[in-house]
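Colleague: I would like to learn how to read helix packing and a nonpolar core in a model. Could you take me through one example?

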Amino acid sequence: METETQTTEQMTNSDLSEQIKAVTKESHVRAENTELMLSFQRGKVTMPQLKLLLCSLYEVYKVLEEEMDRNCHHPSVAPIYFPAELARLGTLEKDLEYFYGQDWREKVVVPAATRRYCHRLRQIGKENPEFLVAHAYTRYLGDLSGGQVLGRIAQKSMGLKGSEGLSFFAFPAVSSPNRFKQLYRSRMNSVELTEEERNGVLEEAVRAFELNIQVFDDLQKMLPSVHEDERQTSSTHSAPAKMLQLPRAIVQSSALLRTLMGLFVALATVSIGIYAF
C-alpha cells in the first residue's frame, strides 16, 4: 500500500498542472493578499475598483485570446484551446459598455503594468507559443474557480441588479466548473514538452502571477486619480450650488455676522482635520 501511494504521488507530482501549482504557491498567496483582491474578499469592492479591473482584464484577454487563436494548432496550445467555453473578451466588452456606455473604448484606461503584461503575451505568442499554456492556465482556471463568488460579492457590494455588468464572472457554457477543470488539467498534462520547454513553462507561470500582482498593485494606485476625475465630472454635470442667503437682520448686524463666519471656518477646519487621516 505504501509503495502504491508513493508511486501515485510521484505520478501526480510529475503532472504539469501540479508542478505549476507547486512553483506558484507563494505567488498565489501574494496575489490574494493584494489590496484589490482583499477588497473582494472583504466584500467591500467599489465601483471604481471594478471598472478599472475590467479595463485591464479587457486588454489582457484581448491579447491572450488573439495569441491563443493564432496558435490554436500549435501542439502545446491545441489541447487546451476551449474558446466556446472560456473566451472572456465578449463578456468584458458587454460589461464595459454597461458601465461606460457605447463609447467605452475611448474611456478604457490601464496602468503601465497592464501594458507590460500585454507585451509579454505578444512576445511569447510569436517566439514561445508553449508558454501560453502557463498564462491560459493562470487566467482561465483562476477566473473559472472564483468567478461566481467574486461576481456575487461585486453584485452585493455595489447593489447591482441582476447580472448586468457582471458577465465576465459567468461561464454559461461550463455546466460543471469542477469537472471542466479536471478535463482542462488532464489536457494540459497531456502536452508533450522537452525538459527545457517544461522548465520554461514553469518559469512563465511564476511570471504570469507576478505580472498579475503588478497589475493589481498599479490599479490600486490609480484609484485616487480616478476618484478625483469622477468627482470633477459629477461636479461639472450637477446643478450650480445655491449661494447661502442670510436673513437681512443678520447682514445688518456686523458683529453677529463675524461670529457666524468664525463658526463656519472652525467647523470647516475640524472637518478637514478628520478626513486628512
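This is a predicted model: local features need pLDDT of at least 70, side-chain atom pairs count only at pLDDT 80 or more; totals for chains, interfaces and linings use all residues.

Colleague: What describes two packed helices?

Modeller: Two packed helices are described by the angle between their axes and the distance between the axes. Axes are lines fitted to C-alpha atoms, for helices over the stretch in contact, with angles from 0 to 180 degrees between N-to-C directions; helices are DSSP runs (H or I, at least four residues), numbered from the N terminus. Here the axes of α5 (residues 47-70) and α9 (residues 132-158) come within 12 Å and cross at roughly 155°, and α5 and α9 are therefore roughly antiparallel to each other (angles over 145 degrees).

Colleague: Which residues of α5 and α9 meet?

Modeller: Contact means heavy atoms within 4.5 Å. On the α5 side the residues include L50, L57, V60, Y61 and L64, and they meet a set in α9 that includes L132, H135, A136, R139 and Y140. The residues of this contact divide into twelve nonpolar, one polar and four charged (nonpolar being Ala, Val, Leu, Ile, Met, Phe, Trp, Tyr, Cys and Pro, charged Asp, Glu, Lys and Arg, and polar the others, Gly among them).

Colleague: At what angle do α5 and α8 pack?

Modeller: The angle between α5 and α8 is about 0°, with their axes 9 Å apart, and the two helices are therefore roughly parallel to each other (angles under 35 degrees). By class, the contact of α5 with α8 has six nonpolar, three polar and six charged residues.

Colleague: Which residues touch the most other members of the largest nonpolar core?

Modeller: A nonpolar core is a set of buried Ala, Val, Leu, Ile, Met, Phe, Trp, Tyr and Cys residues joined through side-chain atoms within 4.5 Å, where buried means under 20% relative accessible area with a 1.4 Å probe, protein chains only. Of the 66 residues in the largest core, L50 and Y184 touch the most other members, and α5 gives the most to this core, with twelve residues. Leaving aside neighbours within four places in sequence, L50 is in contact with F40, V45, F99, A154, M158, L166 and F169.

Colleague: Is T91 buried or exposed?

Modeller: T91, which lies in helix α7, counts as buried at 15% relative accessibility.

Key. Residues are numbered from 1 along each chain as its sequence is written. Side-chain values use heavy atoms; hydrogens and water are left out. Angles under 35 degrees count as roughly parallel, over 145 as roughly antiparallel, 65 to 115 as roughly perpendicular and the rest as oblique. Buried means under 20% relative accessible area, exposed over 50%, partly exposed in between (1.4 Å probe, protein chains only).
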